[in-house]
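Welcome to this short briefing on a protein chain. Take a moment to look at the sequence and turn the model around before you read on.

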Amino acid sequence: MKPNTIGISWQKRSRKWLVRIWAYNKSWWVGLFADREEAQKIKKLVKEKLKLPHDEWLSWYNAYRESLPKSPKAFQDLTGQKFGRLTTLRWEKVGRRTYWHCKCDCGKEVRIIKEGLTRRPHVSCGCYQREKTALTVTGFITQDKNSRKWLVRVWAHKKTWRIGLFADMEEAQEIKRLAEEKLKLPHDEWLSWFNAFKESLPKSPKVFQDLTGQKFDRLTALRPKRTGRHTYWHCKCDCGKEIMVRQDMLKKKPQASCGCHQRAELARIARIRFGFIDGTCVSNIRSDKLRSDNISGIRGVSWYSRIQKWNAKITFKGKPYHLGIFADIQDAAQIRKKAEEKIFGPFLEWYENHKKQLDKPE
Ligand SMILES: [Zn+2]
Ligand SMILES: [Zn+2]
């Protein structure tokens, strides 16, 4: 909006008329009105009031806002309240959403979306879920295709423990029961039992496969490295990076890479959704690094020596947006910050959610 413009727009979400003004370099939210005529009346009133000196305008605006009925969605201060294991410390707004920084009973601090606080009765930093899964022990027996023997595995502590191969089904069942019992011991006692038990089993003559020089999608195997039970391969990615990959993972993944494949995929989605040139835009947004010619110390705020004022702008999707010229550097910084929240907030939120899906280790 241009300086001192008053706008009425239809807000889909609330199905009401929204009246806003752009004045004094910021946007003022006047109110939502079910009736268009009422909105127009208010608009006329605001236009009159804007002719007043700034402080008189401010006090009218505040009084007017106070007089409006509070919407049920009004901000709730939950500071210090307890939800499950979490105690709320302070809130933060990202885009339209409200997040709460909370302290968990276990001592960890987490940020959680407001609606998440009441969604589960045992809400925690994740420690509740971890403790719960740690206690779940499931053993299973399957037939190994190669050896035609019974393979005993136990799932606990969020991973699968391969106990061993047994020719006799009854023996396998007994071992499974034993392992399930042992898993109820403290973790270190379980670990030492598990290692001792594995040692006691006769070693199977596993044939070493030489994959040197073989190509798995983007990765080329260079040299092997044995660690414990597993064979790892030093691999060179097409992009030039070298990484270590477990041999079975190398064969399992249809798109093996150092992670550049996922990064490329993420960049592709970002490009489609937000028109970015590459994935680096995200680190750019987050970075506090200043351009070498920046003298304001604030990103996006530069000094116009010709008119002796501060210029604020923001770049998004490769396009610069002019935010205004200010005599006071604080005003320029403030508008830049507001623009960042408005523009980058929803993008960063989306990016964080997708990163979790795409950054799974290979
Ligand atoms: Zn916790
Ligand atoms: Zn790569």
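What percentage of the contacts in the chain with a separation of 6 or more comes from residues 24 or more positions apart? Such pairs account for 30% of those contacts, where two residues are in contact if their C-beta atoms, placed from the backbone, lie within 7 Å. The model is predicted: local features need pLDDT of at least 70, side-chain atom pairs count only at pLDDT 80 or more, and totals for chains, interfaces and linings use all residues. Residues are numbered from 1 along each chain as its sequence is written, while chains are lettered from A and ligands numbered from 1 in the order in which they are written.

**The overall picture**

- The chain has 10 helices and 17 strands; helices (H or I, at least four residues) and strands (E, at least two) are DSSP runs, numbered from the N terminus.
- Buried residues make up 14% of the 362 residues in the chain.
- A residue is buried if 20 or more other C-beta atoms lie within 10 Å of its own, exposed if 12 or fewer, and partly exposed in between, with C-beta atoms placed from the backbone.

- Three strands form an open sheet in the order β8-β9-β10, with antiparallel pairing; two strands pair if DSSP finds at least two bridges between them.
- β8 (138-143) and β10 (159-166) stand at the edges with a single partner strand each, so one side of each has no neighbour in the sheet.
- From one strand to the next, the twist averages 25°.
- Strand β9 (residues 150-156) is joined to β10 by seven bridges in the antiparallel sense, and Val 152 stands opposite Gly 164 in β10.
- Helix α5 (residues 169-182) packs on this sheet, touching β8, β9 and β10, and its direction makes about 15° with that of β9.
- For such angles, axes are lines fitted to C-alpha atoms, for helices over the stretch in contact, and the values run from 0 to 180 degrees between N-to-C directions.

**The largest nonpolar core**

- A nonpolar core is a set of buried Ala, Val, Leu, Ile, Met, Phe, Trp, Tyr and Cys residues joined through C-beta atoms within 7 Å.
- The largest one has 10 residues: Trp 150, Val 152, Val 154, Ala 156, Ile 163, Phe 166, Ala 172, Ile 175, Ala 179 and Leu 183.
- At least two residues of this core come from each of β9, β10 and α5, and β9 gives the largest share, with four residues.
- In soluble globular proteins, nonpolar side chains tend to be buried together.
- Leaving out residues up to four places away in sequence, Trp 150 touches Ile 141, Gln 143, Leu 165, Phe 166, Met 169 and Ala 172.

**A four-stranded sheet**

- A further open sheet has the order β11-β12-β13-β14, and its pairing is antiparallel.
- The edge strands, β11 (215-216) and β14, each pair on one side only.
- β12 (residues 219-227) and β13 (residues 230-237) are joined by eight bridges, and Pro 224 stands opposite Trp 233 in β13.
- Their hairpin has two residues between the strands, and Gly 228 there takes a positive phi near 60°.
- β13 is joined to β14 (residues 242-246) by five bridges; Cys 235 has Ile 243 as its bridge partner, and Lys 236 stands opposite Glu 242.
- The hairpin of β13 and β14 has four residues between the strands, with Gly 240 in the turn at a positive phi of about 110°.

- Helix α2 (residues 54-67) has 14 residues and zero of them are buried, so it lies largely in the open.
- At 1.5 Å a residue, α2 should span 20 Å, and its end C-alpha atoms are 20 Å apart, which agrees; the expected span is 1.5 Å times one less than the number of residues.
- Helix α6 (residues 187-200) also should span 20 Å, and its end C-alpha atoms are 20 Å apart.

**Two loop residues with positive phi**

- Tyr 24 is not a glycine, yet it has a positive phi of about 50°. Its place is in the loop between β2 (16-23) and β3 (26-33), and Tyr 24 is partly exposed, with 14 other C-beta atoms within 10 Å.
- Gln 308, which is not a glycine, has a positive phi of about 55°. It lies in the loop between β15 (301-304) and β16 (309-316), and Gln 308 counts as exposed, with 8 C-beta neighbours inside 10 Å.
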